[in-house]
Amino acid sequence: QVQLVQSGSELKKPGASVQVSCKPSGYSLTSYAINWVRQAPGQGLEWMGWINTNTGDPTYAQGFTGRFVFSLDTSVSTAFLQISSLKAEDTAIYYCARDQSGYSWFDIWGQGTRVIVSS
Amino acid sequence: QTVVTQEPSFSVSPGGTVTLTCGLSSGSVSVGNYPTWYQQTPGQAPRTLIHDTRFRSSGVPDRFSGSILGNKAALTIAGAQADDECDYYCVLYLGSGISMFGGGTRLTVL
């Protein structure tokens with residue numbers, strides 16, 4: 001079964017960092033780009049950007065530069081989202097998604113990782 | 001800054017037809033924006049309904065269809081059912097590797 005498996009929920013204090021993992025199952029990580037999508041509580045979906053899983057080159061949406069880093073570890077076939085200097089407004093569910101076409105056709109989604117930032 | 005626009009909410013009667021739209025603040029939506037539509041029910045990850053303007057994803061009923069209407073992308077739901085009541089999002093490819101979601105439409109079936 002083709003799926004993306006994400007890491008579990010995180011509770012972090014403001015100023016800390018968090019890393020969310022996203023591991024494909026049933027297909028090779030390098031076959032499709034991985035996109036990241038944020039959904040704050042009660043809000044809509046926000047496209048954060050994507051990572052080229054062949055080259056490791058990331059592209060970030062406006063508003064997701066600086067504190068947000070997309071990376072890969074091909075030795076464990078996993079994509080990562082790291083967020084540093086966490087703020088309360090980073091509280092959200094973070095999804096990874098496979099881009100089937102290269103034009104935002106996200107055909108496979110991870111189950112989402114809830115990140116809560118609270119003192 | 002470009003904004004992708006969607007109706008915040010819409011209502012449809014059971015069995016009725018509704019068309020949700022997806023526009024661009026800076027101009028017209030075309031097939032070159034590869035409009036994709038997602039459906040999200042509470043507590044679940046989104047699922048693809050329509051990709052590349054008009055192509056239904058596997059398993060999506062043919063009650064759902066996508067098109068370009070005027071200067072917007074459109075998602076038409078025919079024969080609305082109670083379980084169609086949820087959130088619908090469009091995403092547009094803006095070029096240079098950049099995409100953007102619309103704010104979403106909450107559909108009520110009543």
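Student: Is Cys22(B) buried or exposed?

Tutor: Buried means under 20% relative accessible area, exposed over 50%, and partly exposed in between, with a 1.4 Å probe and protein chains only. Cys22(B) has 0% relative accessibility, so that residue counts as buried. Keep in mind that this is a predicted model, where local features need pLDDT of at least 70, side-chain atom pairs count only at pLDDT 80 or more, and totals for chains, interfaces and linings use all residues. Residues are numbered from 1 along each chain as its sequence is written, chains are lettered from A and ligands numbered from 1 in the order in which they are written, and side-chain values use heavy atoms, leaving out hydrogens and water.

Student: How many disulfides are there over all chains?

Tutor: A disulfide is a covalent bond between the sulfur atoms of two cysteines. Here the working rule is a pair of cysteine sulfur atoms within 2.5 Å, and the count comes to two.

Student: Which cysteine does Cys22(B) join?

Tutor: Cys90(B), with 2.0 Å from S to S. Strands are DSSP runs (E, at least two residues), numbered from the N terminus. The bond ties strand E3 of chain B, holding Cys22(B), to strand E9, holding Cys90(B), 68 residues apart. Cys90(B) is buried too, at 0%.

Student: And what does Cys22(A) join?

Tutor: Cys96(A), again with 2.0 Å from S to S. That link is right-handed, with 85 degrees about the S-S bond.

Technical notes
Helix = DSSP H or I, 4+ residues; strand = E, 2+ residues; numbered from the N terminus.
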